[in-house]
Amino acid sequence: MGYRRFFHTLPFWLALALSGAASAVERTETVECDLPDGSGFVLQAKHDWAMPGDFSGRRGNRDDQQDFTVDYRARGSARLVSTGASLAYRPLGEGTNLELLCSRLGLHQGQPGTGSSLRMPGEQRFWVPARTGKAGFDTAEQQRIDALLSQRGLHLMGSHGTLAMRQGKLVQELPLYAADAPGCTAQDALQCPVGAVLRLTSGDRGDTWQAASIESTPYFFKTGVAFARQAGLARPSARSLSNYRNRDDNDAKPSEKP
């Protein structure tokens, strides 16, 4: 009787063993990035996590990793407002990835922003321009900018930058660092001092942009100061740092929330 029962249920156990999805659950990793005024951003990235007993043969426990969605939380409020932006996923237990993620976000001229969207003065929702200056470069403009940067010995700091309204105009600044700055490498952009910015300005809320220029007197950054120490940047909350620092990303029980 026992053998009959075993063979009767064998197809079910074979299907379970061959299907990773049958023993996986969806999890969400959350990062909180604090702003100087007490407000902050909340980043959330979903993925599938294979539970113990998964016989699918996968080398890792994580699957279907999604990017971070970015929401904003006003000071003293628990309500989350979508910023319309997302950030590429970075393993949170590795190096300075928490700091890198949060440094993409900031508060400039009293306006919280993501570099590609911002909350306009007096408004609650985030506004996403039809395009930002950098995204609108054509080939000729990109070549002109590359030539300017080469002549000045400057490099862009990866994808970092800010977008804010200033004196009625939409301004985008992308921080630059000198190629010969001591102890500064492209892999450690947070420690590079800002040497100048690539500035773009729009008088019609981003529909058209003036030609980009290199400026040694930024509006939103301080030259000579390492990017990681710039005012206005979002920084990982103490709770997020405690949750993820020195954490093994292959832990069988990853925390869903900090």
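**Bonds and burial in a predicted model**

Author: In this predicted model, the side chains of Arg 199 and Glu 173 meet in a salt bridge, with 3.0 Å from N to O. Arg 199 belongs to strand 13 (residues 196–202) and Glu 173 to strand 12 (residues 169–178), so the pair ties together parts that are 26 residues apart in sequence.

Reader: What makes the contact of Arg 199 and Glu 173 a salt bridge?

Author: The term requires a side-chain nitrogen of Lys or Arg within 4 Å of a carboxyl oxygen of Asp or Glu.

Reader: Are Arg 199 and Glu 173 buried or exposed, and how do you know?

Author: The cut-off for buried is under 20% relative accessible area. Arg 199 has 9% and therefore counts as buried. Glu 173 has 0% and is therefore buried as well.

Reader: How many salt bridges does a search of the whole structure find?

Author: The search finds four. One of them joins the side chains of Lys 46 and Glu 26, with 4.0 Å from N to O. Lys 46 is in strand 2 and Glu 26 in strand 1, so this pair ties together parts that are 20 residues apart in sequence.

Reader: What separates Arg 144 and Glu 141 along helix 3?

Author: Arg 144 and Glu 141 are three residues apart in helix 3 (residues 139–152), which means a separation of about one helical turn. Arg 144 forms a salt bridge with Glu 141, the closest N and O atoms being 2.9 Å apart. Since the limit is 4 Å, the term applies to Arg 144 and Glu 141.

Reader: Which term, buried or partly exposed, applies to Arg 144, and which to Glu 141?

Author: Arg 144, with a relative accessible area of 32%, is partly exposed. Glu 141, with 17%, is under the 20% cut-off and is therefore buried.

Reader: What makes the link of Cys 33 and Cys 102 a disulfide?

Author: The sulfur atoms of a cysteine pair must lie within 2.5 Å. From Cys 33 to Cys 102 the S to S distance is 2.1 Å, so the link qualifies as a disulfide. Cys 33 lies in strand 1 and Cys 102 in helix 2, so the pair ties together parts that are 69 residues apart in sequence. Cys 33 is buried, at 0% relative accessible area, and Cys 102 is buried with a value of 0%.

Reader: How many disulfides does the rule give, and what is their pairing in sequence order?

Author: The count comes to two disulfides. With the bonded cysteines numbered in sequence order, the pairing is 1-2, 3-4. Cys 184 is joined to Cys 192 at an S to S distance of 1.9 Å, and this value is within 2.5 Å, so the term disulfide holds for that pair. Cys 184 is buried with a relative accessible area of 11%, while Cys 192 is buried with 0%.

Reader: Which disulfide link is left-handed, and which is right-handed?

Author: The link of Cys 33 and Cys 102 is left-handed, with -75° about the S-S bond. The link of Cys 184 and Cys 192 is right-handed, with 100° about the S-S bond.

Reader: Which residues touch the most other members of the largest nonpolar core?

Author: Val 31, Cys 33, Phe 41, Leu 43, Phe 68, Leu 92 and Leu 105 do so, in a core of 21 residues. Among the elements that each supply at least two residues of this core are strand 1 (24–34), strand 2 (40–50) and helix 2 (97–102). A second, separate core has 18 residues, including Trp 127, Phe 137, Met 165 and Leu 200.

Reader: How do you know whether His 160 is buried or exposed?

Author: His 160 has a relative accessible area of 7%, under the 20% cut-off, and is therefore buried. His 160 sits in the loop between strand 10 (154–156) and strand 11 (162–166). Neighbours within four places in sequence aside, His 160 is in contact with Leu 100, Ser 103, Arg 104, Leu 174, Pro 175 and Phe 227.

Conventions:
Residues are numbered from 1 along each chain as its sequence is written. This is a predicted model: local features need pLDDT of at least 70, side-chain atom pairs count only at pLDDT 80 or more; totals for chains, interfaces and linings use all residues. Side-chain values use heavy atoms; hydrogens and water are left out. A nonpolar core is a set of buried Ala, Val, Leu, Ile, Met, Phe, Trp, Tyr and Cys residues joined through side-chain atoms within 4.5 Å. Buried means under 20% relative accessible area, exposed over 50%, partly exposed in between (1.4 Å probe, protein chains only). Helices (H or I, at least four residues) and strands (E, at least two) are DSSP runs, numbered from the N terminus. Contact means heavy atoms within 4.5 Å.
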